[in-house]
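Colleague: I would like to learn how to read a few features of a model. Please take them one at a time.

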Amino acid sequence: MIAKITGGKDTANLIRYLYNTKKKGHTDPHLVASWDGFAPDPGRADDFDATKRALVADLDLHVKQAERLGRAPERHTWHCSVRAAKTDRILSDEEWGDTARRVVAATGIAPEGDPDGCRWVAVRHADDHIHIAATTVRADLRTARHWNDYLTADRELAAIEREYGLFQIVRGDRTAAKRPTRAEQEKAKRAGQTRTARERLRTTVRTAVAAATSTEEFVYLLEHADGVLVDVKHFPSGDVRGYTVALEGDVNGTQEPIWYSGSELSPDLSFPKIRKRLDATEPKQGPRKTNPWHQATAVTERIPNRLERGEDAAAQAHLAALGEALDALPLRAPQAIRPQLMQAAEVFERATRSRIQAEHQHARALRGAVRAMVREPAPKDGALLAMFLDAAILAVIAAARWHQLRHHDQQVAAAHQTLVHLQAAYEQTATAPLTALAQRRPPTQVVERHILLIRQTVPDHAEQVLEDLAFDALTAVLADAEKAGHDPKQLLQQAADQRALDDARRPARVLTWRVERLSTRSAPSTRARAAQAQSAARRPSMTVSSPLATPAPPPPPSQARRR
């Protein structure tokens, strides 16, 4: 059920509209409930006009009394329409009447048990909705206290949906970006655009935030974005106070650009909030020893664990940073999958915010890695991108679970929609590099040894891994890592320990990318191998599972064959 609440000045006009049978969709208008259960009903009276006038007079009684005392509010009518979902059953008049009584009680129009509550009626002129018309002057001539009436009505409707077995609407927490108006949508259609100016500007600003390392760079990127006008506001001191943006060619009736402030685009795009995020970004560093794509993937792989075990403020920060990573990804993605990635970023934007305030310093590492990633040339093959997308998919699954536990319904829906786009982009990206790896499948003897390692390391997922078409690619990266001096069992254990594979649809692919990334680290030296062997001998029961631990030396070939 969805409520829509408006106010007005004229009770007679409102009642005339509700009983107008010439209006499309208005059939058999009649009362289903009223303030005392005895209000005159024009829809059931012989003299329609006289009864309608009587109803208006009864509703306006306390308004007229307050007017004589100079205490009546100018906008004294309260109009709430309540509409059921298309898939809901048709409710009876009694059920709609009960719904109306609960809504006016919840909103403060006529609190339950209050003899001085406002006068109201509920009119039904269609199967799927009712209209509640009330005057906001109480019997004691005070004005009703109905602040936040939309929220209180919405909460009551959610309870009614559950009790009546109706479709449960996905509800928000007032942190969503403002939707385009109908006028904006019609204007975009006339211009041949699929997205409104507000939506296109929101994407541009979010991309600039994701790529910038400072507020100065953010402003620079905006000013150099194609087709965007920027007006930067300054304090008398010269410091930046805020900004507004407009699309070139998007003008009003006087041919002036239509400007949007950051907060009008999205709650988290106001300049103070952008500055807070950018201040929590790792500063630029010198030449990096680690590939930025590997670093971004490694940090993203840790997000599910942070969501599961961290504090809410830190978890919210990681979700915001993950959103920035998705915003930046189209900048370095092939043209073929760019639309899917842009849609994923646009949808996931809703999942990056909730009523929980993010402490952005907790996500410094991911922000720094993303900024470094967008400054690198686009990867020549799809392996690095597929590796990151694989980690991002598991992070988004964890985000949906985190929001669901906190009853963030809109964010859960957004995360699920994001997965559709990310998985489509991943399938397109991963096919070629996985096929190339599979063509380097090692000899049968090596493969059989890897099968034993997989059964020992991930027994719960072993059969699923072995039956996956990506298994050949996994054996290839394990063989390459072993040639480089790594212990394949140790790498498999590290890859499995980074995050449980329960959320992965294709665990063989997940392990392939993790092993490939981990194997890019330098193999342990002979001295390190000897030290670890001595340590293992002294503590035979200890198992090293940390991904930061030094890998154990590989067993001799003869010993491997006996396993």
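Colleague: At the start of α1, which backbone nitrogen does a side-chain oxygen of D10 reach?

Modeller: The backbone nitrogen of A12, to within 2.9 Å. Helices here are DSSP runs of H or I with at least four residues, strands are runs of E with at least two, and both are numbered from the N terminus. Before going on, note that this is a predicted model, in which local features need pLDDT of at least 70 and side-chain atom pairs count only at pLDDT 80 or more, while totals for chains, interfaces and linings use all residues. Residues are numbered from 1 along each chain as its sequence is written, and side-chain values use heavy atoms, with hydrogens and water left out.

Colleague: Which residues of helix α1 are buried?

Modeller: The general idea comes first: an α-helix has 3.6 residues a turn, so residues three or four places apart point the same way. In α1, which spans residues 11-18, the buried residues are T11, L14, I15 and L18. Buried means under 20% relative accessible area, exposed means over 50%, and partly exposed is in between (1.4 Å probe, protein chains only). Seen down the axis of α1, the buried residues fall within an arc of 95°, so they line one face of the helix. That arc is taken from the directions from the helix axis to the C-beta atoms.

Colleague: What do the buried residues of α1 pack against?

Modeller: They pack against α2 (48-59), β3 (77-83), β4 (120-124) and β5 (129-135). Contact means heavy atoms within 4.5 Å.

Colleague: Where is R83, and which residues does R83 contact?

Modeller: R83 is in strand β3, and it counts as partly exposed because its relative accessibility is 42%. Leaving aside neighbours within four places in sequence, R83 is in contact with M1, I2, D128 and H129. The side chain of R83 makes a polar contact of 3.2 Å with the side chain of D128 and another of 3.4 Å with that of H129. A polar contact is a pair of N or O atoms within 3.5 Å; within protein, one must be able to donate a hydrogen and the other to accept it, and residues adjacent in sequence count only if both atoms are side-chain atoms.

Colleague: Is R138 buried or exposed?

Modeller: R138 counts as buried, at 8% relative accessibility. R138 lies in the loop between β5 and α5 (149-164), and its side chain makes a polar contact of 2.6 Å with the side chain of D114.

Colleague: What is there to read in the phi of N148?

Modeller: Most residues other than glycine have a negative phi, and most peptide bonds are trans. Phi of N148 is near 55°, a positive value. N148 lies in the loop between β5 and α5 and counts as partly exposed at 48% relative accessibility. Phi of Q255 is also positive, near 65°; Q255 is in the loop between β7 and β8 (260-261) and is exposed, with a relative accessible area of 59%.

Colleague: How do α17 and α20 cross?

Modeller: Two packed helices are described by the angle between their axes and the distance between the axes. The axes of α17 (residues 409-438) and α20 (residues 471-483) come within 7 Å and cross at roughly 65°. Axes are lines fitted to C-alpha atoms, for helices over the stretch in contact, and angles run from 0 to 180 degrees between N-to-C directions. The contact is made by L434, L437 and A438 of α17 and D472, A473, A476 and V477 of α20.
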